[in-house]
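Thanks for coming, everyone. Let me walk you through one structure, starting with the chains and then turning to the ligands.

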Amino acid sequence: MTLNSKSLAVILFVVLFGGIALSAALGWWQTESSKVAATYTEGEFAGQANPADIRGSYTFGDVEKNFGIPAALLAQAFNIQTDDPDAFATKELETIYAESTLEVGTASVRLFVAFYNGLPFDLSTEIYLPQSAADILHTRTLTPEQLAYLDAHIVPDPAAPAVDSAPITESTPEAEATERLVKGKTTFQEVLDWGVPQSVIEQILGAPMPNPLTTVKDFCTAQGLSFETVKAQLQAEVDKVK
Amino acid sequence: MKFFGKRLFRPHSIWIRKLVQWFFFLLIAFIAVNHTLVESGAGIPFLSSASLHALCPFGGVVTIYQFATVGTFVQKIHESSFVLMIIGFALAFLFGPVFCGWVCPLGTVQEWMAKLGKKLFKRRYNHFVPARLDQVLRYARYLVLAWVVYVTATSGTLIFADYDPYYALFNFWTSEVAVGGLIILGATLVLSLFVERPWCKYACPYGAVLGLTNLFRIFKIKRAASTCKADGACSILCPMNIPVDTQNAVRDHQCISCLECTSEAVCPVAKTVIFTAGAVK
Ligand code: SF4
Ligand code: SF4
């Protein structure tokens, strides 16, 4: 078969735009990160949105859309004083709670949503909630197991941090110092970037370091190591470099 | 002009290709402008305002490693890049790097500069670099490719965006553009006055990936030795300086499927250089 330039041009358009149309029809054509949480794939809740898929880029409004929990209630649970709770991105929690010794962040929102809606959630990791969130959850029906977990993971309310709708405007020197904190989301790459050599990390892990983009926590969970212990040791190393 | 079934020697060009190139150049330019407008709250409705990263098939390539190992995309790369990458590969598997010859706006602007260069230097244009040196330099784009894949895999961010002349071309009005990208873009445009498609030949990592399909693509540029007049027109005018007149089928890793060497354009003999999946005599 021989093609001339015109047929090639036509084929090019058909394949390119046809391919895009096809992928759009299949739901693959996404030019932005989707704000639709993945669903449970098995069990009683199959097909329902899974709180474990809430990402830092989700706003309280996105959470509301996915899980039906009003954004205003979420703001109340996490002590966020804002006029526009819909627009509050969950990743900002970390900044707001930066001074807290126990991490409150996107994972906390996941946990809150799961408990609030009575959805199954993996409780093998340590996730903390502010007192205000726990107060709201106490009004919901929780299993004894969930209740016990909840009561063991409460962060005392900070003197209600006053936040306007643009919370990350000022960065005090303190806030910068706390940025070098080993947290659930911290990747090995970040630890390396903070100046801890790979050999030291491997010594702490007692194992070769995985792909640096893996989070420390995921690695610990996968290897059956205690994240708390590893975290503390890594933090000590990070502080040494400072 | 036909003369006893043969065209007189007169360089034609594939006009429809120029049209397609214009189309994609304008499309991408509009989308890029719209992206900026939307961010400042005044977008043109009904036109995609996607970020250019989301519309780059090469983004799909650089994210493969991270996708396979950690299951996530490199920052700023989205599913759409993956889709475009697959479409790009499918096309290249059939027709070679048609993306380069017909779609890529960076290739297009280099060709526009080439027009100027041809006016200035006539037939000497695109024949300045000594052949030996040129041959070696043409492998440099694989080094660029290896480097890009490596730094993206280890850092998880789109470091190449800071050097990408394509990104600079469509973002020079925003603050997002990196100086490195602008410098490389400027250098590419200036060099284009002497050499056709210098970025494509010596540096483009995506061209390097697509170029590999030249070794096995289904539709190839083939030359019928029985009717070839051996005037060398195809080789002289091939933008990628491929010696079409010495080969029966072009397998050069740099061919961009522009069809300029075919009997539809510069080859003066009908049905002698053709774009085919079949055999020629
Ligand atoms: S080689 Fe690169 S710059 Fe040149 S046309 Fe192909 S993709 Fe575009
Ligand atoms: S060999 Fe022909 S199709 Fe390939 S780049 Fe050269 S002129 Fe274009």
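Chain A and chain B bury about 2,600 Å² between them, and 76% of that is on carbon and sulfur atoms. Buried area here is the accessible area, with a 1.4 Å probe, that two parts lose on being put together, summed over both. Three residues stand out on chain A. A:Leu8, A:Leu12 and A:Leu213 supply 22% of the area that chain A buries against chain B, more than any other three residues.

A quick word on the source. This is a predicted model: local features need pLDDT of at least 70, side-chain atom pairs count only at pLDDT 80 or more, and totals for chains, interfaces and linings use all residues. Residues are numbered from 1 along each chain as its sequence is written, chains are lettered from A and ligands numbered from 1 in the order written, and side-chain values use heavy atoms, without hydrogens and water.

Back to the interface. Chain A gives 28 residues to the contact and chain B gives 38, with contact meaning heavy atoms within 4.5 Å. How many salt bridges are there between chain A and chain B? The count is 0, where a salt bridge is a side-chain nitrogen of Lys or Arg within 4 Å of a carboxyl oxygen of Asp or Glu.

Now ligand 2. Among the residues around it are B:Cys238, B:Cys255, B:Cys258 and B:Cys261; a residue counts if one of its heavy atoms lies within 4 Å. The shell has 11 nonpolar, 1 polar and no charged residues. Nonpolar means Ala, Val, Leu, Ile, Met, Phe, Trp, Tyr, Cys and Pro; charged means Asp, Glu, Lys and Arg; the others, Gly among them, are polar.
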